[in-house]
Amino acid sequence: MSKYILKRILLLIPVIIGVSFIVFALLELSPGDPVRNILGTNADPKEVEALREEMGLNDPFLVRYGRFLKNMIINRDLGDSYLTRTPVVDEIFMRAKPTVILAALSISVAIILGIPIGIISAVKQYSIFDNVTMVIALLGICMPVFWLGLLLILLFSVKLGLLPSSGFNSFSQMILPSLALGAQSVSVITRMTRSSMLEVIRSDHIRTARAKGQKENVVILSHALGNALIPILTTIGTQFGQLLGGAVMTEVIFSIPGVGRLMVDSIKMRDVPMVLGCILFVAVSFAIVNLVVDILYSFVDPRIKSKFS
Amino acid sequence: MEKQKAIKTSSSSVERKRLGFRKLKEIFHRLKKSTLAMIGLAIIVLLVLTAIFADYIAPYDYSTNDLKNQYAMPSKEHILGTDEFGRDIFSRIVYGSRISLQVGFISVGIALTLGVIIGASSGFYGGKVDMILMRFIDILQSLPDILMAIAIMAALGPGLSNLMIAVGLASIPGYAKIIRSSVLSIKDNEFVEAARANGSSDFRIIVKHIIPNCLAPIIVQATLGVAYAIINAAGLSFIGLGLEPPTPEWGAMLSSGRGYIRDYPHMTMFPGLAIVIVIFALNVLGDGLRDALDPKLKQ
């Protein structure tokens, strides 16, 4: 198993290098001159040229990318922000906490609500509960996070005055953003749990478990859920990626000082190293989550574990 | 002899068209059984008609300011109220349907074209071609699609064409993977062997024989893809990286109404509702099409 984990970790390296190359190349195309952004449009051409040379912007693209890659791998350095002149890594680590907490809370909300509701829906298929749940889940999937966020602010902050509409320092400030971001994932996980459970519930081993006189709770939670977990885990993994994407919108709506908002602000200010750093942060986080999900597969399904042991 | 051959060819093409028409009829018949899918289809047809006849449906121009009528609540004159510049929100939503449809369909077109090229080549040729193309797709997929779109928008800058390109390019991996798996399941069939024995080129085999046989998953993915494209485009405009005012894009309207949510919630309520209705319609239509195109899947 450790071999498998090591192989998966090693596979992350080419993916991260690939992402960094694509994003580096993309940002190379971005309009505007970073030096003019720093010094202003009326700056002295000599000063502009000197700074260009100092920042290494006169070198060819591949030389600059090679330098970036070397610094990233050997020194764990992503360069300095064009605007604040502080190291990108420091800024990202400072802003990472709210983003990670937001994503973790949202996926927790999605798992805590989605899996039990999906199980009940499957067990009571075509009941009123099942029908109502499926309609709500469908609506949840259709509701973009940026609109749901605004509706939650309108209801809980403006009309009822129960929860704050911005910030991310106290638990009460975290409730609305986590609900807004997690709602779509609740719907997706509910639907996936339901359909996965429905497939398993009809299989022979469940009938056998019932015939042996097992209690219904044990049949559902131990025999059925255990076998239905693989697609649910996959969905949770992909949903985490969606949450990292959705976090950008959520952070903008609720004024959360996270990596997503830092990225949007940096794009608007044409701070290329910061944008690159933020995107790499998300790519690495997403890759780590997928790795964790893959490792969890082996605990859920012993066949996968035996393949690599 | 040649005349006979020509008659034979034309009659076989007529026969093929008839078969195709019958198949379409069958699919529509199965689609009709799903009430939700029909509601979805009706909404999409209505949306397309709204976009085409926007000039006749919208009571006001979408960009004309009326400073005497700022922040007006819904009334007889302005059924969905007005925004901070006194512009009629209903008219802006009506004109916005053009942008949403354009972004939805064109970006899916971009994603589909490139996804078909990558997925079909990868699945058909296998080996090194497959390895290289799929690693490239894996790299693209290592970022959530909205973030890839954000990165592309950062490079291209705001604007409608850039928005469509960004959203389209970001959603290539999904299409490429689906098409690859469909091609893999089809390429060893006898009719492909027969086409190869007839001397057909690889390009002809892929275009004429393989792709038409994996249309079902492509159509379903494309229908749902339009929904994702509309949401992603609206999201990009919402955070200020997509379309800029005064373009009546629904996401941009939500973004500009955000600052007035405490006193004038109608400015954000209605554009958001428009997005939700269209996404709902495309989702239920996509689900219905999946069942109609592949009845085995439903069973």
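Where is B:Asn283 found? B:Asn283 is found in helix H13 of chain B, which covers residues 266-293. A helix here is a DSSP run of H or I with at least four residues, a strand is a run of E with at least two, and both are numbered from the N terminus.

Some ground rules. This is a predicted model, where local features need pLDDT of at least 70, side-chain atom pairs count only at pLDDT 80 or more, and totals for chains, interfaces and linings use all residues. Residues are numbered from 1 along each chain as its sequence is written, chains are lettered from A and ligands numbered from 1 in the order in which they are written, and side-chain values use heavy atoms, with hydrogens and water left out.

Back to B:Asn283. Is this residue buried or exposed? B:Asn283 is buried, at a relative accessible area of 10%. Buried means under 20% relative accessible area, exposed means over 50%, and partly exposed is in between, using a 1.4 Å probe and protein chains only. What does B:Asn283 touch? Leaving out residues up to four places away in sequence, B:Asn283 touches A:Ile141, A:Cys142 and B:Leu224. Contact means heavy atoms within 4.5 Å. Eleven residues along the chain from B:Asn283 is B:Asp294, and their C-alpha atoms are 17 Å apart.

Now the interface. 41 residues of chain A are in contact with 40 residues of chain B. The size of an interface is often given as the accessible area lost when the parts come together. For chain A and chain B, about 3,600 Å² is buried between them, and 81% of that is on carbon and sulfur atoms. That buried area is the accessible area, with a 1.4 Å probe, that two parts lose on being put together, summed over both.

How many salt bridges does the rule find across the interface of chain A and chain B? One. The rule asks for a side-chain nitrogen of Lys or Arg within 4 Å of a carboxyl oxygen of Asp or Glu. The partners are B:Asp287 and A:Arg191, with their closest N and O atoms 3.4 Å apart. A:Arg191 is partly exposed, at 27% relative accessibility. A:Arg191 and B:Asp287 also belong to a network of salt bridges that includes B:Arg290.

Over all chains, the search finds 14 salt bridges. Two examples, one from each chain. In chain B, B:Arg87 pairs with B:Asp83, closest N and O atoms 2.9 Å apart. B:Arg87 is buried at 5% relative accessibility, and B:Asp83 is buried at 6%. In chain A, A:Arg67 pairs with A:Asp59 at 2.8 Å, N to O. A:Arg67 is partly exposed at 34%, and A:Asp59 is partly exposed at 26%.

A:Glu91 is in helix H5 of chain A, residues 88-123. A:Glu91 is buried yet has no salt bridge. The nearest side chain of opposite charge is A:Arg95, 4.1 Å away. Beyond its neighbours within four places in sequence, A:Glu91 contacts A:Thr86, A:Leu262 and A:Met274.

Two loop residues in chain A next. A:Ser255 lies between helix H10 (216-253) and helix H11 (259-268). Its phi is near 50 degrees, a positive value in a residue other than glycine. A:Ser255 is partly exposed at 34% relative accessibility. A:Arg270 sits in the loop between H11 and helix H12 (272-300). The phi of A:Arg270 is near 55 degrees, again positive in a residue other than glycine. A:Arg270 is partly exposed, with a relative accessible area of 24%.

Last, the chains as wholes. Chain A has 13 helices and zero strands. Chain B has 14 helices and zero strands. Of the 309 residues of chain A, 49% count as buried. Of the 299 residues of chain B, 47% do. The C-alpha trace of chain A spans about 85 × 55 × 30 Å along its principal axes. For chain B, the box is roughly 80 × 40 × 40 Å.

Notes. Lys and Arg count as positive and Asp and Glu as negative; His and the chain ends are not counted.
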